Protein chains: 2
Amino acid sequence: MADGDDSALTGLMPAVILSHPQMGENIGSAARAMKNCGCSDLRLVAPRDGWPNPAAVAIASGGSDLLDKAAVHAATSDAAADITLLVATTARKRGMAQIEMNPRQAAAAVIAHHQAGGKAALLFGGERAGLDNDEVALANIIVTVPLNPAFSSLNLAQAVLLMGWECRMAALAACDGHAMDDILAPDQGDHKLAEHGTRAFFYQMLEEKIASGGFFTNPDMRPVVMRNIKAMFNRFPLSEQDIRTLHGIMKSIERSGKAIDHADDSDQA
Amino acid sequence: MADGDDSALTGLMPAVILSHPQMGENIGSAARAMKNCGCSDLRLVAPRDGWPNPAAVAIASGGSDLLDKAAVHAATSDAAADITLLVATTARKRGMAQIEMNPRQAAAAVIAHHQAGGKAALLFGGERAGLDNDEVALANIIVTVPLNPAFSSLNLAQAVLLMGWECRMAALAACDGHAMDDILAPDQGDHKLAEHGTRAFFYQMLEEKIASGGFFTNPDMRPVVMRNIKAMFNRFPLSEQDIRTLHGIMKSIERSGKAIDHADDSDQA
């Protein structure tokens, strides 16, 4: 997936249904979080302060296009009419019969559902009351978020962000193996990893210099000590450039030894 | 883990360092997000409006105990002095030498690091400017969040929530196994990880010596070059023993410089 192009995920990300949202600011923040994650289909059920709501637009910033397109419905069942997998996020367990999942499991289910040709939505309740039991009963999957039991409340936009993020990660994993490889692989940029020969030559130079400087106080232990030094440097993925830098450092320290005792004839070239 | 008991995660969750945060409200919201996820160690670097800040307390709600305990430092390097794995979250890629990860990979690294007896922290920049390059250079891991490229900005509390959530999920996964046995009795062997203060002293010695040896051919570039060198060494988890070894190597190379030009007065002691 090219930088700046999010289109590969479009068909995989779920709709978001906000049921009875109260503050316009929270609707705007939720729209931002959706856009962050690549969700675009926002549906509102009976927003308390009517619609459109200038307070939502004021805070939505780059997410305001989602507000412009948002569909408004009178009831959650209407908003979910075309939805084939409804995922309800609740703060507390309901003891209902549906499958309970954590956000990661639910995100995997959403993406798999889209890959199978279905249409999934995430359902969130209003700020004060959350979802009522009839709404929860509509859902196919109930999500509870395993946060700190002593402090588990999220605001609406945070809950949308967290679920959207999980869906995004699942979608990235699913949409294109290569895209995910790029995203997950440590970015080496210009950092072509050093070949073993390059490393070996560096170790040889290093060993000569530190031997000459009296590093190996016990000659019998020299192979073991040197092996440990190599192991230390081998713990990190040195690039060709890194090895050049290390050679430069080594030469400069060597010159500094001359500079300290014989400043007049130090070689700064 | 019993419901309502978050104590099993306590030793696995990272500290959070907020560098130069501006709005007290955002510090309070970040503290809430930390508490949601089970993080408790908050450190502030030069908060713009001083500390304590009533605006932070007003919004922190149940997270205000984190604010009461928060340590305030003048510089990020001070805040990270006892940290052995520093994870910087940045909005854009920096092209620096450290390992880049997404939040999920970084969370796995944090938990594994704690299981090995280390101490990790998540580092976040201020609202306006983010982290400066010197702060990024301190980090062992750079995290970029693969959000919608056309709309990728998160506010501070959202970034803290997202990273905290990923660490929490990784910690819960670790606790589900028999990982707790290892956590309770970490066997570090001789490999106690170096604290940042130990690293900082090594870098200082190294800089003095290579400067004396003429490494910095362009004095204007010295800060940038030195930052890249630190970033290179920060890519791997150096132990206290490793740092001692590096000091020994440095001294020996220095002596070898004298030995080559002045074999008669070389100091092999």
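**View 1. Helices α1 and α7 pack together within chain A.** Helix α1 (residues 24–37) of chain A meets α7(A) at an angle of about 15 degrees, and their axes are 8 Å apart. Axes here are lines fitted to C-alpha atoms, for helices over the stretch in contact, with angles from 0 to 180 degrees between N-to-C directions. That angle makes α1(A) roughly parallel to α7(A) (under 35 degrees is roughly parallel, over 145 roughly antiparallel, 65 to 115 roughly perpendicular and the rest oblique). The contact includes A:Ala30, A:Ala33 and A:Met34 of α1(A) and A:Val160, A:Leu161 and A:Trp165 of α7(A); residues are in contact if their C-beta atoms, placed from the backbone, lie within 7 Å. Its residues divide into ten nonpolar, four polar and two charged. Nonpolar covers Ala, Val, Leu, Ile, Met, Phe, Trp, Tyr, Cys and Pro, charged covers Asp, Glu, Lys and Arg, and the others, Gly among them, are polar. In a right-handed crossing, the near helix is turned clockwise from the far one by less than a right angle; anticlockwise is left-handed.

**View 2. Helices α1 and α7 pack together within chain B.** Helix α1 (residues 24–37) of chain B lies at about 15 degrees to α7(B), with 8 Å between the axes. This makes α1(B) roughly parallel to α7(B). The crossing is right-handed. Among the residues that meet are B:Ser29 and B:Cys37 in α1(B) and B:Gly164 and B:Arg168 in α7(B).

**View 3. Helix α7 of chain A packs against helix α7 of chain B.** From chain A, Gln158, Leu161, Leu162 and Trp165 meet B:Gln158, B:Leu161, B:Leu162 and B:Trp165. The contact residues divide into six nonpolar, two polar and no charged.

**View 4. Seven strands of chain A form an open sheet.** The order is β3-β2-β1-β6-β4-β7-β5, with parallel pairing. Strands are DSSP runs of E, at least two residues long, and helices are runs of H or I, at least four, all numbered from the N terminus; two strands pair if DSSP finds at least two bridges between them. At the edges, β3 (71–73) and β5 (99–101) each have a single partner strand, so one side of each is left without a neighbour in the sheet. Inside the order, four bridges join β4 (residues 85–90) to β7 (residues 141–144). A:Thr89 has A:Val143 in β7(A) as its bridge partner.

**View 5. Two stretches of chain A have pLDDT under 50.** They are residues 178–190 and residues 263–269. pLDDT is the predictor's confidence in each residue, from 0 to 100. Where pLDDT is low, the predicted coordinates should not be read in detail. Chain A has a mean pLDDT of 84, and 83% of its residues reach 70 or more.

Notes: Residues numbered from 1 in each chain as written. Chains lettered and ligands numbered in written order. Predicted model: local features only at pLDDT ≥ 70, side-chain atom pairs only at ≥ 80, totals over all residues.
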